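Here is a short report for a reader meeting this protein for the first time. Keep the model open while you read.

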Amino acid sequence: MTDTSTPPSAESSAEAVEPAAAGESTGASAEAKKSESVASDGDLFRQSEIAADYVEGLLDILDYDGDIDELVSAGRPMVEVVGGRLQPLVGQRGATLEALQELTRLAIFRATGSPSRLLLDIGGYRAARRKELAAVARNAVEKVKEHGDAVRLEPMSAFERKCVHDVVNAIPGVQSESEGVEPNRRIVVRVAD
């Protein structure tokens, strides 16, 4: 008896994408890439729909109520869950949310055969955390400008580091870079070269 739990097309389609990506240097490749990005909006929305269905199933199993919005923003599929009593799904410093996001990305991969950059938000946690991190970034920039010494921030998730990098990169005279290895990867803010 053959195991059919993973569709064979998932592996073959992933292999088919790699050679095309390796040879993208001609004008024809640029046109193909442009048509890919136009078609990818539909693919991204399909990923958000798959994710929403998966998250809805999880909410049903856990007996949680929440409204689910699926969208595409900044070239990424997104799913937002809004409702009361959702804090346990976020966890301490978003750890449970990160785990649920990875599970949801796996569900998308299983359905489409392509990796996803899905961003999952529950109870507005990511929006609130983004504001907190902007304040942390601005504080680090002030210290760097005042003292001239590099400032090392606490270890952060990839989402959190991106939020900080975005704020620091928008301020002239300073720069940021990540150092270390997960889960202890952190940002260092210093005077720009």
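## Salt bridges and helices

The model is a predicted one. In it, Arg129 and Glu132 join their side chains in a salt bridge, with N and O 2.9 Å apart. Both sit in helix α5, three residues apart, which separates them by about one helical turn. Residues three or four places apart on an α-helix point the same way, because there are 3.6 residues a turn. Arg129 counts as buried, at 10% relative accessibility. Glu132 is partly exposed, at 45%.

This pair is part of something wider. Arg93, Arg129, Glu132, Glu154 and Glu160 are linked in a network of salt bridges. The whole structure holds 10 salt bridges. Three of them are set out here.

| Pair | N to O distance |
|---|---|
| Arg129 and Glu132 | 2.9 Å |
| Arg161 and Glu182 | 2.8 Å |
| Lys162 and Asp166 | 2.9 Å |

Arg161 pairs with Glu182. Arg161 belongs to helix α6 (residues 158–169) and Glu182 to the loop between β5 and β6, so the pair ties together parts 21 residues apart in sequence. Arg161 is buried, at 9% relative accessible area, while Glu182 is partly exposed, at 45%.

Asp166 and Lys162 are four residues apart in helix α6, about one helical turn. Asp166 is partly exposed, with a relative accessible area of 42%. Lys162 is partly exposed too, at 44%.

A polar atom of the Arg76 side chain is 2.8 Å from the backbone oxygen of Arg117. Residues that Arg76 touches include Leu44, Leu71, Arg105 and Leu118.

Helix α4 (residues 95–112) has 18 residues, which should span 26 Å at 1.5 Å a residue; its end C-alpha atoms are 26 Å apart, which agrees. Its buried residues are Leu97, Leu100, Gln101, Thr104, Arg105, Ala107 and Ile108. They cover an arc of only 155 degrees around the axis, which puts them on the same side of α4. Gly113 follows α4, with a positive phi near 80 degrees.

Helix α5 (residues 125–147) has 23 residues and reaches 33 Å, close to the expected 33 Å. Its buried residues include Tyr125, Leu133, Ala137 and Val144.

Finally, the overall plan. The protein has six helices and six strands. Of its 193 residues, 31% are buried.

Technical notes: Residues numbered from 1 in each chain as written. Predicted model: local features only at pLDDT ≥ 70, side-chain atom pairs only at ≥ 80, totals over all residues. Heavy atoms only, no water. Helix = DSSP H or I, 4+ residues; strand = E, 2+ residues; numbered from the N terminus. Expected span 1.5 Å × (residues − 1). Buried < 20%, exposed > 50% of the residue type's maximum accessible area, 1.4 Å probe, protein only. Arc of directions from axis to C-beta. Polar contact = N/O pair within 3.5 Å; in protein donor to acceptor, adjacent residues only side chain to side chain. Contact = heavy atoms within 4.5 Å. Salt bridge = Lys/Arg side-chain N within 4 Å of Asp/Glu carboxyl O.
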